[in-house]
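Q: I have a model open on my screen and would like to learn how to read it. Could you take me through some features, one at a time?

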Amino acid sequence: MNTSPRRLARGIGTALVVVLGLTACGSGGDDGPTSASAAEIQAALDEGGSITVWAWEPTLAQTAVDFQELHPGVEVEIVNVGTGDDQYAALQNAHSAGNGGPDVAQIEYFALGQFSVSGAVSDLAGFGAGDLEDLFSPGPWNSVTGGGGVHALPMDSGPMALFYNQDLFEEHGVEVPTTWEEYLDAARALQAADPDVYITSDNGEAGLTTSLIWQAGGRPFTVDGTSVEIDFSDEGTARYTEIWQQLIDEDLVSPINSWTDEWYQGMADGSIASLATGAWMPANLSSGVPSGAGSWRVAPLPQWAAGESAEAENGGSGLAVPTASGNKLLAYAFIDYVTTGEGVVTRLDAGAFPATVAELESEEFLSAELPYFGGQQANQIFADAAAGVADDWSYLPYQAYANSIFNDTVGQAYVSDLPLADALGRWEDSVSAYGVDQGFDVG
Amino acid sequence: MSTPVTTAPRSKGPGYARLRTPRRPSTVTRPRRSVLLTVLTGLILVYSLLPLGWLLINATKTPGGLFDSFGLWFAEDFALWDNIVATFTYDGGVFARWLANTLLYVVVGAGGATFLAVLGGYALAIFDFPGKRAVFAVVIGAVAVPGTALAVPTFLMFSRMGLTNTPWAVIIPSLITPFGLYLMWVFAAQAIPRELLESARIDGAGEIRSFFRISLPLLVPGTVTVLLFSMVATWNNYFLPLIMIRDPDWFPLTLGLNAWNAQAATAGGEVVFHLVITGSLITILPLIAAFLLLQRYWQSGLAAGSVKE
């Protein structure tokens, strides 16, 4: 029921990818330079050449055009080989085959570990990336670093907020929740007012669960090189399961799969009243729910206890340079331009959400009135959230696989009497067993 | 014609009452009607046409209208034309490129596959040579192997040859249709009288001449059948291009539409369901046209062999 064919196919694809990637790191030999000075990078830019970029982020196209104008000898080709898992499959295949890969690849933070552990992406510290820490907000920077290396440069970030349909809340006289306890009450009140209205939809989605555990203070994954610890018995996880278990038990969340047409429809027809997700959501809302313009608003993410100010990230991606890249100097120059240079402004103007401190704190960005949210200065809320993200969170080095089996294990809690905490335990077991099979030291 | 059936009942079983009712014998021109059968076929007709109707209706809706209106009826604003224009202009007109790619894959891939199947099937049906039984086993075996199982080996092989991410990676595997070859083999064995070939040889025609002049016209119905099959298979092919092609400039329509659809499932992506639906409608039109144009050859093919000349 919960496993759509697409999701299943993705799961199988991801499983294949990880197997291929971790067992058959095929590309040996000359992997090009591992460090370069600013002068050497400048020389490469003057000399010119061409690089291929695998990315699906729509604002990169204009950024590449600008970059080429700045450096006439350089040719940047942006190729959309698929989004998310599709692209990772392609990337890992290219890495295993030892050819056919890009010079730059967009990789979401949760999936980056898979590529850095298998040596598929270069450590950028030698190119000067190690000095950039202060430029980025802590959540994204922590996501791209690990084991002493910088595996990508943060391109955007997804500090979480609560997106809600204000008209719907007002119509039913329900207050916008500021804590998860209030959220539970709001869910009950909305259901009582109209049985067709659910506060949100969730049928077991890894991204949402891990982000909320992150916010609640849980740190289920500890990674140190190839040694991994998985533990869902900490206090943060318990805070999450306590509230979420009640939402599930009382049928307060709609069982619709996220990212499907039904999901967008639910937000359009008012049966899904709110959404706790990353700051990139406005782009999806404005094109996917055009009729909701003016009705929707943004509020800070509800807190696990009144008075706290804990935040978390959901989504966001960085630009990495695969080890097999034939032109690493140009590749680095390009991602540096996109993530720290003028490219940031170009992308911001086109609607992207920044990961850089300067932009997150700029007056122009903070005071922008977003038309979709009725002129609300929503960026202020996102920026506050970005600043409050705890930076000690880590994902598994095979998180893409783990996420792909989330719905099969934890999803059971949504459709049967299995308690959510036990369901997370099942996920832990499956993920641990898989990690051991892949040669990780799982504790 | 309407003589009542007066068969004397052999027993007084449950069929007795029905035997008594007068019934016209069924003929080709006046087939017997059955209400149950008509209703059943009607249901299947509705079942098959419903998705098509849905597609047609929803291609006329704006993105907002898609979610605000009843799925099987039109929304207030009729945006079919806008949607078609948007489909062809979105993202730098990449849809037209995908359409051209698909046509290329179909013309070269399915056309080539048909040509090879006709040549091979004819040769296997007409000529005797040692090892024919082995060839037969290989062909039948190849029909049984699902294409999906060959995908990964094909990918690795093509990757070594440096052919992935080029149109050849889609065209070359499409050229091989064991089923088409088998079909042509069986068809050629039935449709070409050996006497005709004998007399052609006696009259001095070479093998190539008699193939093109005598056999090929006789093979038209079978050829069109294979052509239709491989055309539809290539046009709808998703998995092979999915693993072979990275560059959106070489995407066929199936991959391109999926890429558009996937944008809705991407953080920060633009949701273009209306373009996916309109694009899907445009995608099936050429196939419908091909069927309408080719079906008369196909029908004559289905009747072949049913009458003794």
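This is a predicted model: local features need pLDDT of at least 70, side-chain atom pairs count only at pLDDT 80 or more; totals for chains, interfaces and linings use all residues.

Q: How do I read a salt bridge, and which residue forms one with A:E250?
A: The idea is to look for a side-chain nitrogen of Lys or Arg within 4 Å of a carboxyl oxygen of Asp or Glu. Here the partner of A:E250 is A:R188, and their closest N and O atoms are 2.7 Å apart. Now place both residues: A:E250 belongs to the loop between α10 (235-249) and β11 (253-254) of chain A, and A:R188 to helix α8 (residues 180-193), so the pair ties together parts that are 62 residues apart in sequence. Over all chains, the count comes to eight salt bridges.

Q: What about pairs of helices? At what angle do α2 and α13 of chain A pack?
A: Helix α2 (residues 38-47) and helix α13 (residues 328-340) of chain A pack at about 100°, with axes 9 Å apart. The two helices are therefore roughly perpendicular to each other. On the α2(A) side the contact uses A:E40, A:I41, A:A44 and A:L45, and α13(A) supplies A:L329, A:L330, A:Y332 and A:A333. Sorted by class, that contact has seven nonpolar residues, no polar ones and one charged.

Q: Where in chain A do α10 and α21 meet, and what is their angle?
A: Helix α21 covers residues 420-437, and α10(A) packs against it at an angle of about 120°, the axes being 9 Å apart. That makes α10(A) oblique to α21(A). From α10(A) come A:T237, A:Y240, A:T241, A:W244, A:Q245 and A:I248, which meet A:L420, A:A421 and A:L424 in α21(A). This contact has six nonpolar, three polar and no charged residues.

Q: Which residues make the contact between α4 and α10 of chain B?
A: First the geometry: helix α4 (residues 80-126) and helix α10 (residues 207-218) of chain B pack at about 95°, with their axes 12 Å apart. The pair is therefore roughly perpendicular. B:V118, B:L119 and B:Y122 of α4(B) contact B:F211, B:S215 and B:L216 of α10(B). By class, there are five nonpolar residues, one polar and no charged.

Q: How should I use a database record, and which residues of chain B does UniProt list for "domain: ABC transmembrane type-1"?
A: Read the record beside the coordinates. An unreviewed UniProt entry lists residues 99-294 of chain B for that domain. In the model, this span is 78% helix and 0% strand, and its end C-alpha atoms are 21 Å apart. The unreviewed entry also marks "transmembrane region" at several spans of chain B, including 34-57 and 210-235. Residues 34-57 are 96% helix, with end C-alpha atoms 33 Å apart.

Q: Finally, how many residues does each chain bring to the contact between A and B?
A: Chain A gives 25 residues and chain B gives 21. Together they bury about 2,000 Å², 59% of it on carbon and sulfur atoms. The count of salt bridges between these chains is zero.

Note on methods:
Residues are numbered from 1 along each chain as its sequence is written. Chains are lettered from A and ligands numbered from 1 in the order in which they are written. Side-chain values use heavy atoms; hydrogens and water are left out. Axes are lines fitted to C-alpha atoms, for helices over the stretch in contact, and angles run from 0 to 180 degrees between N-to-C directions. Helices (H or I, at least four residues) and strands (E, at least two) are DSSP runs, numbered from the N terminus. Angles under 35 degrees count as roughly parallel, over 145 as roughly antiparallel, 65 to 115 as roughly perpendicular and the rest as oblique. Contact means heavy atoms within 4.5 Å. Ala, Val, Leu, Ile, Met, Phe, Trp, Tyr, Cys and Pro count as nonpolar, Asp, Glu, Lys and Arg as charged, and the others, Gly among them, as polar. UniProt positions are given in the numbering used here, feature names are shortened, and annotations may be inferred rather than shown by experiment. Buried area is the accessible area (1.4 Å probe) that two parts lose on being put together, summed over both.
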